[in-house]
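Subject: Structure for you to look over

Dear colleague,

I am passing on the structure we spoke about, and I would be glad if you could read the notes below with it open beside you.

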Amino acid sequence: MSSTAQPRCRQGPVKPWPYRTAVRSGESLSSWIARLAGGLEVRPGTLLSFAFGTKQIVARQDLDRHPPNEVLERLAFGASTSVETLKSATIARYAEAIAGEIPHKGRARWLMPTSQVTSGQGRFSQQFCPLCLGEPGGAYMRLYWRLAFAVVCPQHGVELADRCGQCQAPVRHFVSSNVTACWKCGENLAHSATAAAREGLISHQRQLYFAAERGWGFMGRQAIGSLPLFDITRQLAVLCFRGKRSHQLRTVLAHRYGINPEPYEPTAQRAPFEYLPHSERLRLFDSVARLMEAWPVNMWVLCEDAELYRSFAIVDMPTIPYLFQEAIRPLDRTPYKATEDEVAAAARWLRRTEGAASYSRLRELCGESRLALYRNKDILRQSSKLSRFQSLVNREGPAT
Ligand SMILES: [Zn+2]
Ligand SMILES: [Zn+2]
């Protein structure tokens, strides 16, 4: 039952609507509104204009993202449900597990852009599983299908779709007469053809699904919080999509697994992969699944072959999860540089055991830390002319 106060509109207090329907398991708010409107025998846009007036244009917002509280309150009252129930049908349900936070506006990690545009065809941004839609009581859109890493149905193991199987139009359930009917040709989306996904991709997609639902998952055999798991997954996707060595990586993936090595379809204004159509993201996350197979061994082999070393692998990562740091250590190709303290300790040890700390012995022990080596080495013979490094060392004073 609703815990919200009775809202008012210009005409006075509003009454609950004569038709009500519960939010179904995993349903998105936009889908629920579309079904509610269907039960009231109006279009979703008409219902929203009736409830909020035509000035606010609520129907044009991405209602699955962060709908304003007053919208949720009005809808909860009208349908005799609670604001919390409606909120759990929005991206707030997954935000913490997959991205930490989803901003109210602009591009958002993992969330596909809204399809509720009022002009033109709309975007291919609402996916669906025809088998889920065809199940008894399953004719509604799942919030999970709005997430860009979801390319396979975790229940049925078939590839998701993002367009009508009959006329190829994108899904726009807000302008359709029925949430599962194509807005353009009226075909039932549940009748779209399905294709079984590759077994390894299915199990990887199930892992991502459970991580998004539970807040933790696995990298290889190690348990990991869902947030670092999705950070690593995203980085691997970016490396294949548009990274500095993405071309080499795609070539290696093509050679080993026959994945199409072509560059990904260009997106407007270098938009992130969330804007790619399903067919392109299917290829992308099939590549990611290959990279994460037998973690981290497969990634080592593939990255080695692609000459994709540590510095490329972590590029543009705001924070590098510990498990990723550990996993990519073997891909490090930068020579180790000993610190001043380490060189000084090595020099003391050489003096104690060998009588003197020569440059060549220090270099054997400490690698290429030239300045530190010159500061700590013993002068074994007096050179007539000071080298550039020796002058630099003298100018900076003795080593501490
Ligand atoms: Zn399904
Ligand atoms: Zn159609």
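Predicted model: local features only at pLDDT ≥ 70, side-chain atom pairs only at ≥ 80, totals over all residues.

Residues are numbered from 1 along each chain as its sequence is written, and chains are lettered from A and ligands numbered from 1 in the order in which they are written.

I begin with the cores, a nonpolar core being a set of buried Ala, Val, Leu, Ile, Met, Phe, Trp, Tyr and Cys residues joined through C-beta atoms within 7 Å. A residue is buried if 20 or more other C-beta atoms, placed from the backbone, lie within 10 Å of its own, exposed if 12 or fewer do, and partly exposed in between. The largest core holds 90 residues, and the members that touch the most others are Phe128, Leu147, Leu160 and Val288. Helix α8 (residues 226-241) gives this core its largest share, eight residues, helices being DSSP runs of H or I of at least four residues, numbered from the N terminus. A second core, separate and of 10 residues, has Ala347, Leu362, Cys366 and Tyr374 among its members. Leaving aside residues up to four places away in sequence, Leu160 touches Gln127, Phe128, Cys129, Trp145, Ala150, Val151, Val152, Cys153 and His278, contact meaning C-beta atoms, placed from the backbone, within 7 Å.

The helix pair is α7 (residues 199-214) and α10, whose axes come within 9 Å and cross at roughly 85°; the axes are lines fitted to C-alpha atoms over the stretch in contact, and angles run from 0 to 180 degrees between N-to-C directions. The two helices, α7 and α10, are therefore roughly perpendicular, a term that covers 65 to 115 degrees. On the α7 side the contact is made by Gly200, Leu201 and His204, and on the α10 side by Asp286, Ala289 and Met292.

As for the backbone, a cis peptide bond with omega of about -5° joins Trp295 and Pro296, and Pro296 lies in the loop between α10 (278-292) and α11 (297-305). Ala294, found in the loop between α10 and α11, has a positive phi near 50° although this residue is not a glycine, and Ala294 counts as exposed, with 11 C-beta neighbours inside 10 Å. Glu41, also not a glycine, has a positive phi of about 60° and is found in the loop between α1 (29-39) and α2 (44-52).

With best regards

Methods:
Contact = placed C-beta atoms within 7 Å. Parallel < 35°, antiparallel > 145°, perpendicular 65-115°, else oblique.
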